Structure formats: C-alpha cells, structure tokens
Amino acid sequence: MKIAGAPISWGVCEVPGWGYQLSSDRVLTEMREAGLTATELGPEGFLPTDTVELVELLDGYGLACVGGFVPVVLYKADHDPADDLAGPLESLVAAGAGVVVLAAATGQDGYDERPALDESHWHTLLSNLDRLADIIAARGLTAVLHPHVGTMVETRPEVDRVLTGSRIPLCLDTGHLLIGGTDPLALAREVPERIKHAHLKDVNAALAAKVQSGELTYTQAVAAGMYVPLGAGDVDIAGIIKALEDNGFDGWYVMEQDNILVAEPQGDGPLADVLASVAFLQGAASVVS
C-alpha cells in the first residue's frame, strides 16, 4: 500500500475562515514524524507557487508529492476552468505528482451551500471534465473527479451521472461519499476500474446524518468532530481497502481526517489522530497482504 498524508488533517484548508492555519514547517515535519513519505500539496498559498522553491522544500522534508486537490468551476458556459487549472498543474508537474484531484466547485466559498444545475449546466460540466482530463493527461498526469460535499457532484445520482457521462476516473473519498449518500464500499465493488486514487476518511455517522438532514452544516459537523481516526468511526475502511486491492488498485491511499483548529495546538494536536490512522492502516495492510 502506498500511503500519503494531506494538510487538511492538520486543519489546512482552502476555505476562507476555516480555522487556524498551521505553518507548512509544522505540518511537513509532523508528516515525517508519522512515518509518511508523501503528501498532497494542500491549498494555494500553503506551499510555494514557485516550482523550484516547491521542489526544494518537499525534498528538504523527504516528502514526495502524489497529487493535489484542485476545485474548479465546471458548469458555467462562460467560464473556462482550464485557466484555474493552469497554475496548480504546473506545480504538480514540477513536483513529480501523478494525480490531479478535481472537484466540481460551486463558485462560492465553502461547502455549506450549492446551486441546482439544469441539463445545460450538466452538459457543460461533463464536457469540461473530459477536456480537463485530456489537458492533464497531455502533461503526463491522471485526472480524477472527487465527489465532495458542497460541490456539484455530491450525491449518488450525481456520481452516476459522472460515471455514465464522462470518461474521467474517480477519487474514492470514503467520507464525502458516505455523507453525500453513497456507500463507498459498494461503489468500490461496483466500479473498481474507475477508481484511480483514494482519500481515506472515517466518519461519525450520527454527525453525518445531521448534515444530511440539514440540522448541521458541513462546516459545523467538521468542527464537532465528524471525522475521526481511521478505524474509530462507521466507515468500513478495511473492507474498502480489500475491495480495491482485490481488483488490482495500485494508486495512493491518502489519509484525510478533515480538521478545524481554533488556535495553535499544544502538544501533539492533530498528529495524535494521524498516528492512530497510520497504525490502523499498517494493520489493515498486513491483513490484506
């Protein structure tokens, strides 16, 4: 198993006002302390945009780059998402990444509200997905679409529209799929050939249900601890890994326990949950192998 980290586990997020943002030095240092050898890049501004500086920084911490999360507005006919992709793509190519993790952004800040799409919007979105996937492939990387709460691809019917209406593979995010109403284990078994990247999250299902009912916003639920260390929640992480491995999955497993910090943590802080997740994954890997 190829296991990587992600800055969101340390509360580093692209959403304005998300919470206290830790320095890249602390996050990357603690990734190495957890035994991780690779990371996704994190949001714009977290790491240098200058490609030479970026590569030198990651090399200095002994971390490879596996990919990056790139939200782009795909459904507007008068907006070209290739422009939004250009900068992140250059960074990912320079860093030697293999995957560009696209999300169908709403064009609004945050993930608590989203507009409804009509058929013309869907046609534009699906066409743009294939076009961006081709642009990314021409640079030697693989594009994947990340179903994500608060984006235009959140629910199971929306995931199915992507599967039937475009060629792009998926990022199997176990948490966002569950919260959006998709059984991630069932999806892993149904379309293993379309899954090229995985974000592993474990979820408190009771808090997820409050997001689904509208009792809590997504942001409120994250702040309340909806994401928990792998193995401590209600997602069958081990079963999902087995389903993927049995079908020849050779992509990265990126650990993500989305976090919101109110201040600089004292002591281990988010590192404690990351260490617990790493230990769980090491155990799961030994069972699968």
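## Questions on a predicted model

Student: Which residues are buried in helix α1?
Tutor: The model is a predicted one. In it, helix α1 covers residues 24–33. The residues of this helix that are buried are R26, V27, L28, E30 and M31.

Student: How many helices and strands does the protein have?
Tutor: The secondary structure is made up of both kinds of element. It comes to 11 helices and 10 strands.

Student: What is the radius of gyration of the protein, and why does it agree with a compact globule?
Tutor: The C-alpha trace spans about 50 × 45 × 40 Å along its principal axes. For 289 residues, a compact globule would have a radius of gyration near 19 Å. The protein agrees with this because its own value is 18 Å.

Student: What percentage of the residues count as buried?
Tutor: Buried means under 20% relative accessible area. Of the 289 residues, the part that counts as buried is 54%.

Student: How many salt bridges does a search of the whole structure find?
Tutor: A salt bridge needs a side-chain nitrogen of Lys or Arg within 4 Å of a carboxyl oxygen of Asp or Glu. The search of the whole structure finds 16.

Student: Which residue forms a salt bridge with R139?
Tutor: The closest N and O atoms of this pair are 2.6 Å apart. R139 is in the loop between α4 and β5, and its partner is in helix α3, 49 residues apart. R139 counts as partly exposed because its relative accessibility is 35%. The partner is E90.

Student: How many residues apart in sequence are E158 and R114?
Tutor: E158 and R114 form a salt bridge, with the closest N and O atoms 2.9 Å apart. E158 lies in helix α5 and R114 in the loop between β4 and α4, so the pair ties together parts of the chain that are 44 residues apart.

Student: What is the N to O distance in the salt bridge of E215 and K210?
Tutor: E215 counts as exposed, at 55% relative accessibility. K210 is partly exposed, with a relative accessible area of 33%. Their side chains meet in a salt bridge, and the N to O distance is 3.9 Å.

Student: Which residues form a negative surface patch?
Tutor: One of them, E56, is found in helix α2, residues 51–60. E56 counts as exposed because its relative accessibility is 55%. The patch is formed by D50, E53, E56 and D59.

Student: By how many Å are the C-alpha atoms of R167 and A133 apart in space?
Tutor: R167 is in the loop between α5 and β6. R167 is exposed, with a relative accessible area of 52%. R167 and A133 are 34 residues apart in sequence, and their C-alpha atoms are apart in space by 8.4 Å.

Student: What separates the C-alpha atoms of A238 and G283?
Tutor: A238 is in helix α10, residues 237–246. A238 counts as partly exposed, at 37% relative accessibility. Along the chain A238 and G283 are 45 residues apart, and their C-alpha atoms are separated by 9.2 Å.

Notes:
Residues are numbered from 1 along each chain as its sequence is written. This is a predicted model: local features need pLDDT of at least 70, side-chain atom pairs count only at pLDDT 80 or more; totals for chains, interfaces and linings use all residues. Side-chain values use heavy atoms; hydrogens and water are left out. Patches are made of residues with over 30% relative accessible area and no salt bridge: like charges are joined within 9 Å, nonpolar side chains (Val, Leu, Ile, Met, Phe, Trp, Tyr) within 5 Å. Accessible areas come from the Shrake-Rupley method with a 1.4 Å probe; for residues, only the protein chains shown count as cover. Lys and Arg count as positive and Asp and Glu as negative; His and the chain ends are not counted. The place of a charge is taken as NZ of Lys, CZ of Arg, CG of Asp or CD of Glu. Helices (H or I, at least four residues) and strands (E, at least two) are DSSP runs, numbered from the N terminus. Buried means under 20% relative accessible area, exposed over 50%, partly exposed in between (1.4 Å probe, protein chains only). The radius of gyration is taken over C-alpha atoms; the globule rule is 2.2 Å times the number of residues to the power 0.38.
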